[in-house]
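Have the viewer ready as you read.

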Amino acid sequence: MKTITRTDERILSADIFERDAKVPRQDWGTVREAERQIPVYRDCEVLVVGGGPSGTAAAAAAARTGADTVLLERYNHLGGLSTGGLVIWIDRMTDWKGELVIRGIAEELLDRLPAGAVAGPDRADWGSTEAAKAAHWSLRTAAYHGIVTWSPTVDPERLKLLSQELLIERGVKLVYHSWACVPLMDEGRVAGAVFESKEGRMAVRARVVVDATGDGDLFARAGAAFENDIEEADVHHCMNTSWMFAGVDMGRWLAFRAGQPEAYNDFMARGRAACGLFDRPFVSWRDDVALFMGPRQTGYSALDVDDLTAVEVRSHRAMAAHLDFYRAHAPGFENAYLMVSAPQVGVRHARRLRGVDAVLRRRWPEGTPLPTEIGVTPAVSPKFPNISIPYGALVPEALDGLLACGRHISCDKNSHGFMREIPQCWITGQAAGTAAALAVRAGVQPRDVDVAALQAALLEQGVYLRPTAPVAFEPVAAAG
Ligand SMILES: Cc1cc2nc3c(=O)[nH]c(=O)nc-3n(C[C@H](O)[C@H](O)[C@H](O)COP(=O)(O)OP(=O)(O)OC[C@H]3O[C@@H](n4cnc5c(N)ncnc54)[C@H](O)[C@@H]3O)c2cc1C
């Protein structure tokens, strides 16, 4: 086990656990797949593949910008890791001064969640440096560096439902239980996708495809350049399956953790000795539900089925061991019971697109809006100003017909630490969906979209932007 300490590059201190030894796979040879004709399920203007935070935002924005939009999702819900992965702690949407800079669809979703489905500090306290408030919220994942932030926890079922209703309201054709396997190609550019479902193999033809798979499945298979480095000493490259315990008293647990630091450290040391992989709980949207988003396991690849299986097996065993240990030794956990383990494995990083531009560590100190800014992200520490996200981070270096959004956009390793967070995925999704629809409307490739028109459309949708040369946007009625 290694302990990673918090720095100006990282928001969290965390323990990470090395992988089990890999059993090499035997070479069983190959078989030939017969060529065949497959039915076209549908034609559309914008096809979004993947219904995580980025794909949901992309589809909602594409439809709102007037495109006939289809979304393919391999599971039975929207929200991706933010719901099915039980990553219910939405990272910081305010900057270090307390200003809400993650807006647009992100803000709309949080505003529309029903009362009781979202927990976090009051708006009046965002940016507060009052010691008592910061101490209270730092235990509840909503204050860092002594500053209260808007980084709430949410009810995953409510977020699934709301994301789904938002897309249906906007006229998006939703297709669940459908796994996109290969891109359709036409003269070297992406022209749709082939997917597998209980009906077998079918195709969707599209003018523009938005790859929101998180793992870059579509752009990688279409031949776009990408990075897939695994940094074994970094939290951002760890995997694990999250879970929740119910029947707990988080108030008592937090009082123990904050009030008895020596007893807490002793508890953690005994837990590691007893369980091996061991982690602490996070708060959720309810005081009787505890969230475990670890133990973080390093050295595994999210692109290897044996590694994915090994992470699931270890995580489920760790969940059972945690329940026994916490029930026996943790104040507030005496009556805890297993509520749910995540249906989606927690992958922080698989591939990152190589784009025409990127979010780069060397630009963090600059603080100036880039001319192609399509979103703004808070920096990882108050030492840095807000960071500008360029349109080119969504556009492949050479591949046409496709845009990327979410945790696999073009950025360097350091910037990936925050660009993969849920708020930033909503932002890049909204920009990708809007740009895809504008490309269709103008009859151009995504790389040739008029960025000033894109910025105007995003501003019209309530996105926080600092455009250098805004132009008027002419809305079109959303597709029916
Ligand atoms: C354990 C863990 C803890 C984290 N902690 C936080 C945190 O505290 N706060 C925070 O803000 N962020 C956190 N993150 C990061 C965040 O959850 C993700 O990076 C974010 O959800 C990524 O959004 P996305 O839309 O890019 O991809 P995903 O959420 O991964 O969604 C991708 C979707 O695409 C679907 N899909 C994939 N491939 C295909 C295919 N071929 N065909 C059809 N559908 C497909 C998937 O089923 C999924 O629904 C954490 C991540 C992990 C793993």
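## Cavity and helix contacts

By class, three nonpolar, four polar and two charged residues make up the lining of the largest cavity. Keep in mind as you look that this is a predicted model. The residues in that lining are Arg363, Trp364, Glu366, Gly367, Thr368, Leu370, Asn386, Ile387 and Ser388. The largest cavity has a volume of about 70 Å³, and the count of cavities of 30 Å³ or more comes to one.

Now to the helices. Two pairs are set out here:

| Helix pair | Axes come within | Crossing angle |
|---|---|---|
| Helix 2 (residues 105–112) and helix 4 (residues 156–169) | 10 Å | roughly 120° |
| Helix 7 (residues 261–275) and helix 8 (residues 305–329) | 11 Å | roughly 140° |

Helix 2 passes helix 4 in a right-handed crossing. On the helix 2 side, Ile105, Glu108, Leu109 and Arg112 meet Leu162, Ser163, Leu166 and Glu169 of helix 4. Sorted by class, the residues of this contact are four nonpolar, one polar and three charged.

Next comes the other pair. Because the axes cross at roughly 140°, helix 7 and helix 8 are oblique to each other. Helix 7 passes helix 8 in a right-handed crossing. Here Phe267, Arg270, Gly271, Ala274 and Cys275 in helix 7 meet Ala321, Phe325, Tyr326 and His329 in helix 8. This contact of helix 7 with helix 8 has six nonpolar, two polar and one charged residues.

Definitions and conventions. Residues numbered from 1 in each chain as written. Predicted model: local features only at pLDDT ≥ 70, side-chain atom pairs only at ≥ 80, totals over all residues. Heavy atoms only, no water. Axes fitted to C-alpha atoms, helices over the stretch in contact; angles between N-to-C directions. Helix = DSSP H or I, 4+ residues; strand = E, 2+ residues; numbered from the N terminus. Left-handed = near helix turned anticlockwise from the far one by under 90°. Contact = heavy atoms within 4.5 Å. Nonpolar A, V, L, I, M, F, W, Y, C, P; charged D, E, K, R; others polar. 1 Å grid on protein atoms, 1.4 Å probe; cavity = no way out; pocket = protein on both sides within 12 Å on 5 of 7 lines; lining within 4 Å. Points joined across faces, edges and corners; volume = space filled by probe spheres on them. Parallel < 35°, antiparallel > 145°, perpendicular 65-115°, else oblique.
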